[in-house]
Amino acid sequence: MTSKEIRKVFLDFFAEKGHQIVPSAPMVVKDDPTLMFTNAGMNQFKDIFLGNEPTRWKRVADTQKCLRVSGKHNDLEEVGLDTYHHTMFEMLGNWSFGDYFKQDAINWAWELLVDRFNIPADRLYATIFEGDPSENLTQDEEAAAYWRQHLPADRILLGNKKDNFWEMGDTGPCGPCSEVHVDLRDDAERLKVPGAQLVNDSHPQVIEIWNLVFIQYNRKANGSLEELPAKHVDTGMGFERLCMTIQGKKSNYDTDVFQNIIAEVGKLSSQQYGENEKSDIAMRVIADHLRAVSFAIADGQLPSNNKAGYVIRRILRRAVRYGYTFLGFREPFICKLMEALKQTMGEAFPELASQQPLIEKVIHEEEESFLRTLETGIRLLDNLVEKARTAGKNELSGKDAFILYDTYGFPLDLTELIARESGMGVDVKGFDVEMLAQKERSRHAATLETDDWVELYKTDKVEFTGYHSLVTETRIARYRKVSQKNKTFYQLVLEKTPFYAESGGQVGDTGYLESNGKKTAVVDTQKEHNLIVHIVSELPEDPTVTFRAVVNESLRQLTANNHTATHLLDHALREVLGKHVEQKGSLVHPDYLRFDFAHFGKMTKEELNRVQQLVNRMIRQNLSQEEMNNIPFAEAKEKGAIALFGEKYGDTVRVIKFGESVELCGGTHVPATGQIGPFIILSESAISAGVRRIEAITGDKADAYLHEKLEELAETSLLLNHSKDIRKSVEELLEENASLKKQLAGFAKKAASGIKEELKNSVTTINGVQLIAARVSLTSAQAIKDLAYQLKGEIPNLFLVLGAEIDGKPSLTVMISEELVQAKGLDAGKIVREAGKEMKGGGGGQPFYATAGGKDVAGLDAAIEKAKSFVQ
């Protein structure tokens with residue numbers, strides 16, 4: 001079977017068994033603070049397991065795109081080195097929500113693997129949970145009994161809590177699991193060592209392919225377990241491993257899931273997969289990472305320097321680095337592989353085709369940027385090697401190696417390779433210490449301790465009343481204490497609430513809860529696992545009473561103004577630039593709005609003016625809001641509603657319409673556009689390849705901005721003697737200023753020439769070194785630098801120290817002839833660092849030329865003397 005056929009057989013099989021086949025959720029997670037990426041098939045059903053969302057179907061199956069870059073067997077630096085671990089992977093899964101349990105899950109797993117996929121039964125093993133007396137958990141004899149209907153007892157193995165008891169996290173739903181393993185070794189190997197001895201022993205051909213999780217407990221914050229009222233099934237099967245098994249391969253990368261991409265890499269690099277171990281690893285890394293990066297971008301996550309964006313950038317840079325080092329690529333190449341990926345996976349995931357131009361452009365720009373960084377990093381590494389050699393060392397420090405890794409994306413093995421070529425080692429232990437310190441910093445910053453929810457009133461679903469009311473009578477349904485970075489606060493869930501939770505780019509509401517004349521401030525509102533969570537610094541004295549929940553009306557109105565303006569801006573951009581414009585992100589704040597969109601070039605001044613005029617025209621038309629709630633998704637699309645890529649929509653959606661602007665949106669808006677007031681674009685810029693950002697203001701902020709600009713204009717006119725043509729007057733002033741600067745430069749050049757002659761006459765010779773040390777009356781750093789280089793070119797064996805006062809601050813310059821640097825080991829950078837301390841400053845530079853600045857002009861002469869002392 002091809003991979004496409006395997007995927008189809010799986011989904012068709014569970015459809016026959018009464019399962020609803022649902023699409024994959026986005027790989028990028030947006031409303032779960034515990035995750036950046038979907039890392040398992042169950043993530044999109046988390047709210048059902050937690051009881052925050054009712055079940056729409058009792059039985060569900062899907063194929064889910066997942067990403068893992070940390071944890072067991074998922075260290076990013078290891079992917080590609082073996083044949084069966086990945087960053088991005090597909091997880092085939094079937095779920096039962098309070099319906100069938102162990103018997104059907106096990107029987108159907110066997111039927112699919114053996115009867116439909118024709119995997120030889122004698123190659124399969126099952127593991128069951130052995131129990132844990134410390135938690136009063138007995139061996140899962142129920143699962144074992146069902147497996148005995150299919151497998152002999154010697155192929156039903158006991159697994160410990162680590163391998164066979166699944167937990168969602170430190171708290172939450174959990175339960176025993178039963179893994180299915182397959183032995184893919186040759187018959188001769190199987191005769192030598194029984195497969196049972198290699199299960200869960202990291203053997204590349206004896207692997208887990210399916211995990212059947214039986215969720216029957218809830219883990220509380222104190223560590224205890226309680227039985228769940230309804231039992232669930234959650235299974236996950238690695239699609240790539242399944243394909244390897246069915247297609248008779250020894251490696252996931254040998255299946256048609258990857259071979260199409262690997263063949264294209266080979267074609268571009270003129271190398272053949274299977275001929276060289278290092279180039280094979282590089283091809284596997286590139287094929288794997290292409291998938292991870294492409295799906296992340298398609299789901300709306302662009303590479304960046306923080307959080308999820310940093311993870312994607314790091315994955316992409318690792319692929320570029322392998323191509324650079326082992327396949328000889330010096331130009332962008334990963335962007336050329338998108339077509340091969342689309343051919344392999346585009347049918348199951350149509351977002352690859354629809355987002356292909358953006359994905360290619362973003363990857364191309366990221367590659368270009370990192371290839372330049374690689375060149376810079378290699379030059380820096382060469383300098384570090386030379387510096388270490390000059391200092392008589394035979395290895396690079398772990399700190400330097402870590403800086404190369406953290407700043408330039410140089411993994412330790414690349415630094416070791418380049419250093420080795422220069423006869424140097426690397427302090428690996430020191431590198432490990434730096435890496436551990438960074439991980440500890442990250443862990444400490446992210447540590448969040450949450451208590452169990454204290455449930456006061458049972459509620460199946462929180463009612464949001466905030467679209468049409470900002471005050472609601474309500475009760476606290478549940479609360480919990482949260483601690484982070486030595487701060488304690490509380491999270492409250494209300495039975496019904498007017499507070500909008502941060503989502504869809506719109507910030508969360510603030511306000512207060514009031515009861516018996518006492519107010520509790522709500523400082524933020526967030527969405528977590530489909531719950532509207534209100535953040536308060538203190539818990540109300542009696543949380544069981546009825547409260548008035550009151551939203552800050554002025555901030556909500558300003559936010560609504562900006563959210564509606566964002567919709568109008570989206571429409572105007574599509575009108576002016578074309579229908580290819582697609583929203584890629586937004587931030588709706590009371591003070592401003594930010595809108596990111598797909599467009600492949602900088603907007604012209606004329607285009608920006610047209611967009612701004614169109615938005616303001618729609619505001620003046622005072623278009624009324626048309627709200628359509630709970631309409632089928634397909635119907636909303638027929639009405640022309642714009643949906644965002646990377647967002648997960650339900651069967652029914654909310655549509656907001658203002659004139660010709662029609663969008664799917666859960667945010668808050670003005671009743672009519674006239675409320676918004678003036679709309680002003682402040683800036684338009686690039687945030688990544690093919691993605692632009694507009695920042696704008698509305699209403700009172702726009703009025704204040706216009707007033708400020710008119711005031712500036714009036715003041716400028718006054719300064720120009722009430723000039724009738726301000727622009728012309730400013731241009732004349734600029735021309736006059738440029739002319740005067742030119743004259744001053746000429747005077748400075750003449751002055752420097754005179755100073756140079758004086759300095760040449762002041763040379764003293766010490767042990768073959770020609771020393772010049774003086775304080776000079778030059779007023780620019782460039783003039784001093786020019787003077788230093790002139791003197792260096794005219795005086796051999798020069799050791800030059802120049803001090804000057806520039807803009808009221810001390811400046812020190814040291815220039816040393818290269819022959820002195822080599823012969824006497826002098827280093828201008830070290831010298832200015834030491835001498836700079838005399839004037840309460842510091843600096844650095846190269847061994848032959850360096851500068852320092854400071855705060856204390858009175859210490860300048862002492863700094864000159866300190867610098868002189870290095871040669872004296």
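Biologist: How many bridges join S22 to strand S23, and which way do they run?
Modeller: 5 bridges join S22 to S23 (residues 593-598), and the two run antiparallel. Strands here are DSSP runs of E, at least two residues, and helices are runs of H or I, at least four, numbered from the N terminus. Two strands pair if DSSP finds at least two bridges between them. This is a predicted model, where local features need pLDDT of at least 70 and side-chain atom pairs count only at pLDDT 80 or more, while totals for chains, interfaces and linings use all residues. Residues are numbered from 1 along each chain as its sequence is written, and side-chain values use heavy atoms, with hydrogens and water left out.
Biologist: Which residue stands opposite Leu 587?
Modeller: Arg 594 in S23 stands opposite Leu 587.
Biologist: OK, and what's the strand order in that open sheet of 4 strands?
Modeller: The order is S22-S23-S28-S27, with antiparallel pairing. S22 (583-588) and S27 (679-688) stand at the edges with a single partner strand each, so one side of each has no neighbour in the sheet.
Biologist: Which strands of the sheet does H17 touch?
Modeller: H17 touches S22, S23, S27 and S28 (691-698), and its direction makes about 30° with that of S23. Angles run from 0 to 180 degrees between N-to-C directions, using axes fitted to C-alpha atoms, for helices over the stretch in contact. Contact means heavy atoms within 4.5 Å. Helix H20 (residues 699-719) also packs on this sheet, touching S27 and S28.
Biologist: Switching to helices: at what angle do H17 and H18 pack?
Modeller: H17 (residues 553-577) and H18 (residues 605-620) pack at about 135°, with their axes 9 Å apart. They are therefore oblique to each other; angles under 35 degrees count as roughly parallel, over 145 as roughly antiparallel, 65 to 115 as roughly perpendicular and the rest as oblique.
Biologist: Which residues make the contact?
Modeller: Among them are Leu 568, Leu 569 and His 571 of H17, and Arg 610, Val 611 and Leu 614 of H18. The contact residues divide into 11 nonpolar, 1 polar and 3 charged. Ala, Val, Leu, Ile, Met, Phe, Trp, Tyr, Cys and Pro count as nonpolar, Asp, Glu, Lys and Arg as charged, and the others, Gly among them, as polar.
Biologist: And where else does H17 lie?
Modeller: H17 lies across S25 and S26, at about 115° to S26. Those strands belong to an open sheet of 3 strands, S24-S25-S26, with antiparallel pairing.
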